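Please keep the model in view while reading.

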Amino acid sequence: MSKAALELQGVERTFMQGEDELRIFRGANLSVQPGELVALVGPSGAGKSSLLHIAGLMEQPDAGEVEIGGIPCMGLSDSEKTRVRRTEVGFVYQAHHLLAEFSATENVVLPQLIAGVKRKEAVAVAERLLGRLGLEERLEHRPAQLSGGEQQRVAIARALANRPRLLLADEPTGNLDPKTSRGVFNEFVQLTRGEGVAALVATHNLDLAREMDRVVLLHEGLLVDGADIAGNQL
């Protein structure tokens with residue numbers, strides 16, 4: 001069997017809210033297989049963003065293990081976690097976070113250069129990904145010259161540029177109008193599937209969530225199978 005792209009085992013996390021403890025995760029477990037697209041749903045404040053931060057090794061849980069590609073990561077040093085994030089994980093956020101002074105192509109090239117890819121190869125990868133997202137005529141445009149949907153497409157290409165094993169997306173179309181959101185989401189799913197990348201996508205949009213391979217619900221600190229979200233209610 002292939003190693004899971006992401007494995008969360010018994011993840012626990014508690015925050016202090018004044019003098020009270022707020023237990024966000026109570027032994028959360030999740031397995032995302034290679035090439036699988038999983039939607040993460042749940043009410044606002046349930047901890048979806050925190051879960052993605054833990055899965056992406058940006059936040060340390062109080063207990064539990066995070067495995068990426070079968071590698072246990074909680075015992076790694078900070079520099080080792082940084083290496084795993086750079087080579088194995090891609091991130092897409094609600095806000096695109098593009099670098100304003102660089103073109104679309106340069107925004108996708110930069111993370112590859114940081115990872116040690118030669119510039120010629122990095123440019124070829126950037127142009128291929130941006131072309132697949134319908135931006136072949138916008139390669140030299142800077143973010144301010146792009147629409148909101150185009151900016152988010154560039155952010156998606158950037159997240160996939162280093163061929164990660166796992167893509168983590170936090171409300172990737174949440175800032176877009178419904179029509180643009182649908183178009184960007186469809187291209188996101190198509191490109192992610194085409195690249196063979198596993199994805200865990202936090203979203204409030206159940207219509208979009210149902211188009212993914214599987215839905216998991218973050219409920220009272222646990223991750224539960226969302227197969228019964230076939231109707232209109234959580």
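Helix H6 holds both Phe185 and Phe188, which are 3 residues apart, or about one turn of the helix. The model in which they are seen is a predicted one. Both Phe185 and Phe188 are buried.

The structure holds 2 aromatic pairs. In one of them, the rings of Phe91 and Tyr93 have centres 6.1 Å apart and planes at 5°; because planes under 30 degrees apart count as stacked, this pair is stacked. Phe91 is buried, since its relative accessible area of 19% falls under the 20% limit. Tyr93, with a relative accessible area of 28%, is partly exposed. Phe185 and Phe188 form a tilted aromatic pair, with 6.2 Å from centre to centre and 35° between the planes.

Helix H6 spans residues 178-195 and also contains Glu187. Is Glu187 buried or partly exposed? Its relative accessible area is 22%, so Glu187 is partly exposed. Leaving aside residues up to four places away in sequence, Glu187 touches Leu133 and Arg153. Gln17, by contrast, lies 170 residues from Glu187 in sequence and 40 Å from it in space, C-alpha to C-alpha.

The largest nonpolar core comprises 41 residues, of which Leu130, Val154, Ile156 and Leu167 touch the most other members. Helix H5 gives the most to this core, with 6 residues. What does Leu167 touch, not counting residues up to four places away in sequence? Its contacts include Gly90, Phe91 and Val92, together with Ala159, Leu160 and Phe188. Further contacts of Leu167 include Thr192 and Val197, as well as Ala198, Ala199 and Leu200. There is also a second, separate core of 32 residues, and Ala5, Ala198, Ala202 and Leu218 are among its members.

The final topic is open space. Rolling a probe the size of a water molecule over the atoms shows where empty space is left. The largest pocket has a volume of about 520 Å³. It is lined by 18 residues, and the closest to its centre are Val89, Phe91, Pro111, Arg158 and Ala159. Two or more lining residues come from each of helix H2 (78-88), strand E6 (89-92), helix H3 (104-114) and helix H5 (148-160). Helix H3 gives the most to this lining, with 4 residues. By class, the lining has 10 nonpolar, 5 polar and 3 charged residues. Phe91 thus links several parts of this account: it is paired with Tyr93, it is touched by Leu167, and it is among the residues closest to the centre of the largest pocket.

Methods
Residues numbered from 1 in each chain as written. Predicted model: local features only at pLDDT ≥ 70, side-chain atom pairs only at ≥ 80, totals over all residues. Heavy atoms only, no water. 1 Å grid on protein atoms, 1.4 Å probe; cavity = no way out; pocket = protein on both sides within 12 Å on 5 of 7 lines; lining within 4 Å. Points joined across faces, edges and corners; volume = space filled by probe spheres on them. Nonpolar A, V, L, I, M, F, W, Y, C, P; charged D, E, K, R; others polar. Core = buried A, V, L, I, M, F, W, Y, C linked by side-chain atoms within 4.5 Å. Buried < 20%, exposed > 50% of the residue type's maximum accessible area, 1.4 Å probe, protein only. Contact = heavy atoms within 4.5 Å. Phe/Tyr/Trp six-rings, centres within 6.5 Å; stacked < 30°, edge-to-face > 60°.
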